[in-house]
Amino acid sequence: MGAAMRRIQAGNALTAFGIGFTVPFLYIYVAQVRGLGSMAATSAFVAFALGALVALPFTGRVIDRRGPVPVVMGAAVAASVGALSLGLSTGIVPILLSALALGAGQAVMQPALATMIVWCSTPSTRTRAFALQFFMQNLGLGIGGLVGGQIVDESRPGSFTLLFGIEAVMFLVLAVVIATVRMPHVQNISDAMAKDAVPAGGGWKRLLRHKAMVQLCVLGFVLFFACYGQFESGLAAFGTEAAGISPSTLGFALAANTGAIVVAQFVVLRLVEKRRRSRVIALVGLIWTVAWVIAGFSGLGHGSAMMAAGAFITTYALFGIGEAMLSPTLAPLVADLAPEGSVGQYNSAFALVKQMALALGPLGVPLGAGIPMLYIGVFVLVSLGISVLALRLGRRLSAVQDNPSVVSRVVAQGPAVASERAERVSA
């Protein structure tokens with residue numbers, strides 16, 4: 001990595017470390033420590049998501065016009081103010097306003113940091129750069145949650161204020177680190193190499209006419225809804241209601257998910273970085289299908305409590321392996337689909353799709369808690385649908401976009417030879 005990439009990855013890791021201090025404890029903080037009840041805590045989560053959904057549609061154009069560095073810095077300052085005020089708030093209105101600012105700041109950071117990684121990498125190094133980002137994020141979140149759990153004390157509201165204060169400081173550290181980054185100019189792959197030509201124009205209208213990107217957004221929505229959207233909502237409800245999983249076992253399952261990502265990330269990277277991205281995503285759909293089937297087994301009640309717990313933990317671990325396969329696949333593909341000058345717009349659109357999927361994720365709770373086997377059946381079919389959508393997307397991608405291992409050869413050979421070679425690889 002160059003100096004710019006090292007600083008971006010370091011700032012990203014420190015920010016994830018700060019976020020890890022508060023994410024597991026936000027519900028307890030609002031509902032119990034501040035004594036505002038479960039409805040207020042739920043409203044805080046809604047405000048957090050709403051902040052992201054309001055900010056993201058305008059983020060991409062700002063990134064492309066002003067550059068990602070000032071956007072990251074502004075978002076970090078906004079998130080810092082939101083985190084600190086959240087830790088000091090005692091009433092429902094200031095808590096909701098703080099959550100709104102925190103959610104908007106965190107959401108805007110995602111596409112801006114992704115754009116910085118794109119600008120500081122080449123098509124041949126982008127896969128590993130995004131894999132490292134995902135690895136550092138999960139490592140930071142895990143360590144932050146572990147350390148935060150040792151500090152927090154429900155009987156001392158000041159301990160929660162300390163956690164939010166640490167998170168606020170980490171956002172400011174990110175702003176300082178990013179301010180020192182000097183963005184390089186890197187070589188890009190020509191848009192002419194794509195089978196699905198990018199429409200003329202700009203903004204959302206051009207993106208919505210770009211068929212390959214629209215298909216990727218649909219696929220991304222299904223992926224995020226079937227995985228991240230269910231972790232702390234529908235799947236947790238299924239585990240506690242149908243499988244009889246204890247809260248402590250649920251904690252072990254979440255730890256298994258993070259552990260699987262941390263342990264498997266670079267092993268998985270070696271297996272997927274020279275293969276077609278569409279087929280890697282299709283394989284993730286099959287892995288998650290198996291994960292949902294194993295989750296269903298945990299809720300059948302035919303085995304012991306230990307077997308049910310083991311099956312549930314295995315489900316979360318398999319989801320982690322799938323996530324490790326997606327991290328070097330989805331984000332670089334978004335960047336390779338984006339026309340010149342629109343990387344920020346495309347990253348923001350994909351981040352918006354993710355936030356929408358997360359916001360709708362709790363819709364699985366009634367099924368997971370009330371009709372558990374139907375819930376499992378639905379998401380088995382959804383996971384199989386991921387594989388189908390991925391293979392259909394692959395037909396719209398050029399060989400270069402679908403298989404990152406040929407990128408360095410394409411850049412070296414020039415456009416004419418590259419286009420001919422891309423057609424041969426596709427065939």
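A crossing of two helices is called right-handed if the near helix is turned clockwise from the far one by less than a right angle, and left-handed if it is turned anticlockwise. In this predicted model, helix α2 passes helix α3 in a right-handed crossing. The protein chain contains 21 helices and zero strands, and buried residues account for 52% of its 427 residues. Among contacts between residues at least 6 apart in sequence, 85% join residues that are at least 24 apart.

**The crossing of α2 and α3**

- Two packed helices are described by the angle between their axes and the distance between the axes.
- For helix α2, which spans residues 26–33, and helix α3, which spans residues 37–66, the axes come within 8 Å and cross at roughly 140 degrees.
- On the α2 side the contact is made by Leu-26, Tyr-27, Val-30 and Ala-31, and these meet Gly-37, Ser-38, Ala-40, Ala-41, Ala-44 and Phe-45 of α3.
- Sorted by class, this contact of α2 with α3 comprises eight nonpolar residues and two polar ones, with no charged residues.

- When neighbours within four places in sequence are left aside, Leu-100 is in contact with Ala-47, Leu-50 and Gly-51.

**Salt bridges**

- Side chains of opposite charge can pair when their charged atoms come close, and the structure holds four salt bridges.
- Arg-128 forms a salt bridge with Glu-273, in which the closest N and O atoms are 2.8 Å apart.
- Because Arg-128 lies in helix α6 (residues 126–151) and Glu-273 in the loop between α12 (247–272) and α13 (277–298), this pair ties together parts that are 145 residues apart in sequence.
- The two partners fall into separate accessibility classes, since Arg-128 counts as partly exposed at 40% relative accessibility, whereas Glu-273 counts as buried at 17%.
- Asp-336 forms a salt bridge with Arg-277, the closest N and O atoms being 2.9 Å apart.
- Asp-336 lies in helix α15 (residues 330–337) and Arg-277 in helix α13, so the pair ties together parts that are 59 residues apart in sequence.
- Both Asp-336 and Arg-277 are buried, and salt bridges with shared partners join these two residues and Arg-126 into one network.
- Arg-156 forms a salt bridge with Asp-153, with a separation of 3.5 Å between the closest N and O atoms.
- Arg-156 is partly exposed at 43% relative accessibility, and Asp-153 is also partly exposed, at 28%.

- Ser-159 is found in helix α7, which runs over residues 157–179.
- Because its relative accessible area is 2%, and buried means under 20%, Ser-159 is classed as buried.
- The side chain of Ser-159 reaches the backbone nitrogen of Asp-153 at 3.0 Å, and Asp-153 is also the salt-bridge partner of Arg-156.
- Apart from neighbours within four places in sequence, Ser-159 is in contact with Ile-151, Val-152 and Asp-153.

**Phe-135 in helix α6**

- Phe-135 is found in helix α6, the helix in which Arg-128 also lies, and this phenylalanine is buried, with a relative accessible area of 14%.
- Leaving aside neighbours within four places in sequence, the contacts of Phe-135 are with Val-262, Gln-265 and Phe-266.
- The C-alpha atoms of Phe-135 and Ser-327 are separated by 8.6 Å, although these residues are 192 apart along the chain.

**Leu-360 in helix α16**

- Leu-360 is found in helix α16, which covers residues 343–360, and is partly exposed, with a relative accessible area of 36%.
- With neighbours within four places in sequence set aside, Leu-360 is in contact with Phe-221 and Phe-225.
- The C-alpha atom of Leu-360 is separated by 7.1 Å from that of Gly-229, a residue 131 places away along the chain.

Key:
Residues numbered from 1 in each chain as written. Predicted model: local features only at pLDDT ≥ 70, side-chain atom pairs only at ≥ 80, totals over all residues. Heavy atoms only, no water. Helix = DSSP H or I, 4+ residues; strand = E, 2+ residues; numbered from the N terminus. Buried < 20%, exposed > 50% of the residue type's maximum accessible area, 1.4 Å probe, protein only. Polar contact = N/O pair within 3.5 Å; in protein donor to acceptor, adjacent residues only side chain to side chain. Contact = heavy atoms within 4.5 Å. Salt bridge = Lys/Arg side-chain N within 4 Å of Asp/Glu carboxyl O. Axes fitted to C-alpha atoms, helices over the stretch in contact; angles between N-to-C directions. Nonpolar A, V, L, I, M, F, W, Y, C, P; charged D, E, K, R; others polar.
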